[in-house]
Amino acid sequence: MSYKAPLKDMLFVMNELAGLADINLLPGCNDATPETVKAILEENGRFCTEVVAPLNHEGDKQPSFWHDGGQVTTSKGFREAFKAFGAAGWQGVQHASEFGGQGLPKLVATPCIEMLNSASLAFALCPLLTDGVIEALLTAGTEEQKAAYLEKLIGGEWTGTMNLTEPQAGSDLALVQTRAVRQADGSYKLSGTKIFITYGEHDMADNIVHLVLARTPDAPQGVKGISLFVVPKFLSNPDGSLGQRNDVICVSLEHKLGIKASPTAVLQFGDRGGAVGTLIGEENRGLEYMFIMMNAARFAVGLQGISIAERAYQKAVAYAKERVQSRDLSGSAGPVTIIHQPDVRRMLMSMRAQTEAARALAYVAAGAFDLAHHENDAELRQQHQAFYEYLVPIVKGWSTEMAIDVTSTGIQVHGGMGYIEETGAAQYYRDARILTIYEGTTAIQANDLVGRKTGRDGGDVAYEIIRQVRGTVAALFTAGGDDLSAIAERLEMAAEALEEVVAYVVANLNSDIKAVFAGSVPYLKLAGIVLGGWQMGRAALAAQRQLQAGGGDRDFYEAKIGTARFFADHFLTQAEAYRLAIVEGGDSVLALREDQF
């Protein structure tokens, strides 16, 4: 089975939960009408299903490979698919129209990104990194840099990369040693080694635009001495045509557990006198600018988790409906397909519920981003921005941890055949394993949630979100019915647990910082479960309204309520256990001395 875009669920979430109609009324968002958005998603779904999805398994079996001399050949079909991707305008969905983009809201781009990643995570990594370069240049680039690069990047003719990591500097960017020396003409010569560079070399585009963190000779130590530079693979001639090859070369590709078709490069800058680059913004503010890329990438990686969970769920459902094994427990005469077995149903419901909850939370975050950038009222913009920023580490951290669980469950549904590469189920598990690591590990996301997003404002944003959760609880109780009342009860208890954890973090961050951070990842997972459950509760309310109005697809809305009830029964009930682990478990995390391990 290949991939089928879940358009019905995507449109439901956009319209009922993420506020597409309100966003459509904002300045700069008027083109995002429901009819236009539906047409865009349908066409994107067709492209991803027909053009990209068939490349996924073959790309895993025949990865990109490196040639002597530094060239890289990507997996069969990738080059042609990427040309078609750029020509169709998919790179530019959310980017500025003045540089050739479509200028549509982030909420519209979000399902397009999800579908592309579901079709092939390895393929989608190239556009993901290019999106980050575009955002960084739009925010901090000079007019000359924007003119030189943006139209080509948005049009899909060129691609972009992020160059942070070095052999001695992983997550600790204070250790970056790549050197940048200013030249008489205002350019810089860069020298050094960067590792783990996604699509750092490939054959899918005419040029690659590297954004590189480096230090000038007189820069201060630590992260305050890092600058950001644009270093293209090919320099440009005065007329804009491609000129000579820059002094940057791919010296090898990494051999990886998953995303094998995506070339992860080791890049060497400056072996022949220095790679020519231009400074973005001001010297020593590079990390500030790079975070523009990283925040965009972190949200996108969260979507990758949702994407691959969706693909694994679809494959598991298809297998469960065709695999005949054992008898029905109710006493049928002969063997039945395994979807009749209660535990298989439990596994499929677990996969479905977590994926839908994470999708809803991510789309709501995307809607908040649009409101933060287009709302007329400055105070409302600030509120939406704070809400979005609180959600980003949760979308990244929780959704990717969820993806590992869901793809693992997908293998379990397949049984022994899931462990065999031929079925393709194992690839999703292997591909998903990187998601909790790159663009900031789950622990880094959790540290951000604790320190910047909770401790810095005394929990104000978190408490406001919990207040909104309780508003949904009240609406669920008012709506009544067994399912909605049960969801309300579970959500109310979960919100109470989250509130107690926020209070614990705020009260103890300064006095017992290690104990607080010992519970940082459980706090992130708790927040994901509660806020995901919140969105599932809102979805159940919306589905009930539609059923009462007699409109739409009755099976779809009944399934929405049933899935929300499952999430409440099986995931929101975990909230109290997380609360105990966070509030009372810090000391046991730190109980052993180093020599006792």
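Mentor: Rings of Phe, Tyr and Trp (its six-membered ring) pair if their centres lie within 6.5 Å; planes under 30 degrees apart are stacked, over 60 edge-to-face, and the rest tilted. This is a predicted model, so local features need pLDDT of at least 70, side-chain atom pairs need 80 or more, and totals for chains, interfaces and linings use all residues. Residues are numbered from 1 along each chain as its sequence is written, and side-chain values use heavy atoms, without hydrogens and water.

Trainee: How many aromatic pairs does a search of the whole structure find?

Mentor: It finds 15. Take phenylalanine 78 and phenylalanine 123.

Trainee: What about phenylalanine 85 and phenylalanine 123?

Mentor: Their centres are 6.3 Å apart, with 85° between the planes. That pair is edge-to-face too. Phenylalanine 85 lies in helix H5 and phenylalanine 123 in helix H7, so the pair ties together parts 38 residues apart in sequence.

Trainee: Which residues do ring pairs link into a cluster?

Mentor: Phe47, Phe78, Phe82, Phe85 and Phe123.

Trainee: Why is glutamine 546 called partly exposed?

Mentor: Its relative accessible area is 22%. Buried means under 20%, exposed over 50%, and partly exposed in between (1.4 Å probe, protein chains only). The value falls in the middle band, so the label holds. By that rule, phenylalanine 78 and phenylalanine 123 are buried.

Trainee: How do you know that the charged end of arginine 245 sits over the ring of phenylalanine 234?

Mentor: It is 5.7 Å from the ring centre. The rule wants NZ of Lys or CZ of Arg within 6 Å of the centre and within 35 degrees of the ring normal. Lysine 106 lies over the face of phenylalanine 369, at 4.9 Å from the ring centre.

Trainee: What makes a nonpolar core?

Mentor: Buried Ala, Val, Leu, Ile, Met, Phe, Trp, Tyr and Cys residues, joined through side-chain atoms within 4.5 Å. The largest core has 176 residues, and Tyr390, Tyr523 and Leu531 touch the most other members. Helix H9 (residues 286-322) gives the most to this core, with 19 residues.

Note on methods. Helices (H or I, at least four residues) and strands (E, at least two) are DSSP runs, numbered from the N terminus.
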